Amino acid sequence: MAEGGPHPDPHSEDSTLRNLSDSHLLECPICLEQLRQPKSLPCRHSLCEECLSSYIVSEVLGTSDTATSFICPVCRTLTHPVDKSEDKEKWAQQFPTDTVAIEIIQLRNRTTEPRYCAPCQRKGSMTSAQFWCKTNQSLFCESCKVDHHDVVHVSCDIVNISGSGNFLLRQETSDKRCDKHKKKIAYYCEDHKSLGCSKCITVGHRKCDNVSTTEDYCEKLNSSSQLEERKTFLQQGADDMESMIKDFYLRQQNIADDKDAVLKSIDDLQERMDKRIREMKKEITDDVITAYKQERENLKVSTQKCERLKVAIQNTLASSATALQRNDHMDTIRLYQKGQTELEACKDLVKEMQMSISSVSIEHEIDSDVTSLNFGKVVVRKQRRDFPGVPSLVKPLSQCEVREIRKVNIQCRSDQANVYARGVVYFPDGRIVVGDNSNNKIKLINDAGDVVDELKMDGKPWDLCLVDNTTVATAIQSTRGIHVVTVTPSKLTLSSVINDNKPYYGITYRDEEFIVSTGSEVCSVKKDGTTKTLYRYNGRVFALSHNSKDGQLFIAHYTNSTGRTVIGRLSTDNNYTDVLKVGVVKCPYGVDVDMEGNVYVCGNGSHNVVQMSGDGTNVRELLTGADGITQPLAISVCGDKLVVTNGSGQKDSIQVFQLV
């Protein structure tokens, strides 16, 4: 916005007329164009009525509805409208019209008209005028001035107007009259700082002490050097404004440079991010391909084992038939022995496949918050499933005997207390993960029975569950939530913590969500922490498990009261059924379900491990104190093997059994 200087007083002296005609004084300081319908503020700055109205509305926008003033856009003087009660859009109309500016604009526009000698015009000749006679108010060319004017009007005040574009402006504004009384303005009231005619002074200023003629007041200003001082101060102000303007322009340039630098930095960052994204995409693509190749190779190896044995069995069958037809006793005996060996191999292979067969899926886990700028991770999920093969070759687990195949010491030198293993997970490859409640640790035992890693927990681990072939999760007591742990052959790594403000005890993983017991409820917990109540109970529940076939949940109620339920079943639609009452089992802790749907329960108060059908109709005591079982805490079943932890006696060790 251009700076608008004070508009000259409508009744100023002829000595200021040249400045009045300067174009910048006839410009609106807001739109920077020639004034249109100019309105004069009390501070004597003039603006277009439309510009002033828009400025007022914008200035008071966002302030109180009771605002009664605004500041001049030029000098920042606080300005009040004549009628504050009117709408702010009408305030601009209340200020007086700057008639002087209008007249000057009109007069200045007239100076562009051609000027002709009056006598020559009467003769029909359009000769340009060079002189102006103030007395006769007539224009003359040089010839007519000498031949006519100077002969008769010797004493006239004649002016050479050659090169003067503003003589009309000067002569028409030299004798300004009062708008109210139409008399010549000749007086100035210092008390009210206003100009007026003789009638204005008589009527409105007769009680004022300091009234003088305009001529006297100008002489007073000149004699007291006030005009010079004012001029000096104004020049200083203009210089100060110029310095500030230069500083503002410099700052504008600085922030423009800053803007360019920031935009370049953003472009550079985008380029680096694009490069990193390409790298991340390649990394995760390589992970996908590697996972695919690995799982494909595993399936190929399993397929080859089965195909080789199948071909061998088919050859033995064909050869046996031939030997019988030929009545070849020696070949018949040899092929019978060979067939027996292949049958045992078939049983072993079926057992091996039952241990390892699973539904494999390769998934891409991503963070829902895309601002985190990561490509997530590739996860290979394996869930155990029923073997589609020959049930007649393998003895049902419910009919198998049990024998101990090893005992593993899990006490470590770094432990501050005796082991108290409330949770355990048995991996198909023989690795075991144990939750040590006393020492706040998760421990990894390899297939040779050595503790190869320990992971300190922020809280006491209770029940554990298998998430997939590389992940376990533990419920943490004392409002610590769920800790998800990545398991490699020799390393445990905490990968995430879910709902660390809630206490959990029992835990299992079903259909991409955790099922936990909280002390009074069984809830589902998604990986983002979303929680839903499935079942409410009284008492204590320290362990949960589920059937991978139908998703039914088994809940271990810790009680030894006669008639109370120790094992309950919750269907996927949350219908609850009592399965086993207190009797052969008391105060159950651990619970697990095998691939055939059999349920295994640790009777902490009955010092035994029970195997039963999912509906509770067939129950047998699988392990007792005679097998070294004392206050069992946790159990994990994997294929035909199971691992049990004890709460007393051999509690520093875990026992591994096999169903045969």
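Strands here are DSSP runs of at least two residues and helices are DSSP runs of at least four, both numbered from the N terminus. All views show a predicted model.

**View 1. N574 sits in the loop between β28 and β29.** Strand β28 covers residues 565-570, and β29 covers 576-581. N574 has a phi near 70 degrees. That value is positive, in a residue other than glycine. Most residues other than glycine have a negative phi. N574 is partly exposed, with a relative accessible area of 30%.

**View 2. Strands β30 and β31 form a hairpin.** Strand β30 spans residues 588-593. Its partner, β31, spans residues 599-603. The two run antiparallel, joined by four bridges. Look for V591, which stands opposite V601 of β31. How many of the residues of β30 are buried? Six of six are, and the strand is mostly covered. Five residues lie between the two strands of the hairpin. In this hairpin, G597 takes a positive phi near 95 degrees.

**View 3. V433 is a buried residue of strand β15.** The strand runs over residues 432-436. V433 has a relative accessible area of 0%, under the 20% cut-off, and therefore counts as buried. Trace from V433 to N446: the two are 13 residues apart in sequence. In space, their C-alpha atoms are 8.8 Å apart.

**View 4. N440 lies in the loop between β15 and β16.** Strand β16 covers residues 441-445. What is the phi of N440? It is near 55 degrees, a positive value in a residue other than glycine.

**View 5. R276 makes salt bridges with E279 and with E283.** What separates R276 and E279 along helix α10? They are three residues apart, which means about one helical turn. Helix α10 spans residues 226-326. The side chains of R276 and E279 meet at 3.4 Å, N to O. R276 is partly exposed, at 36% relative accessible area. E279 is also partly exposed, at 35% relative accessibility. The closest N and O atoms of R276 and E283 are 3.3 Å apart. E283 is partly exposed too, with a relative accessible area of 41%.

View 6. Side chains of opposite charge can pair when their charged atoms come close. A search of the whole structure finds 22 salt bridges.

**View 7. K259 forms a salt bridge with D260.** The closest N and O atoms of the pair are 3.0 Å apart. Are these residues buried, partly exposed or exposed? K259 is partly exposed, with a relative accessible area of 46%. D260 is partly exposed as well, at 40%.

**View 8. D83, E86, D87 and E89 form a negative surface patch.** Where is D87 found? D87 is in the loop between β4 and α3. Strand β4 covers residues 78-79, and helix α3 covers 91-94.

Conventions
Residues numbered from 1 in each chain as written. Predicted model: local features only at pLDDT ≥ 70, side-chain atom pairs only at ≥ 80, totals over all residues. Heavy atoms only, no water. Patch = residues over 30% accessible without salt bridge, like charges linked within 9 Å, V, L, I, M, F, W, Y side chains within 5 Å. Areas by Shrake-Rupley, 256 points an atom, 1.4 Å probe, with all protein chains shown as cover. Salt bridge = Lys/Arg side-chain N within 4 Å of Asp/Glu carboxyl O. Lys, Arg positive; Asp, Glu negative; His and termini not counted. Charge placed at Lys NZ, Arg CZ, Asp CG, Glu CD. Buried < 20%, exposed > 50% of the residue type's maximum accessible area, 1.4 Å probe, protein only. Pairing = 2+ DSSP bridges.
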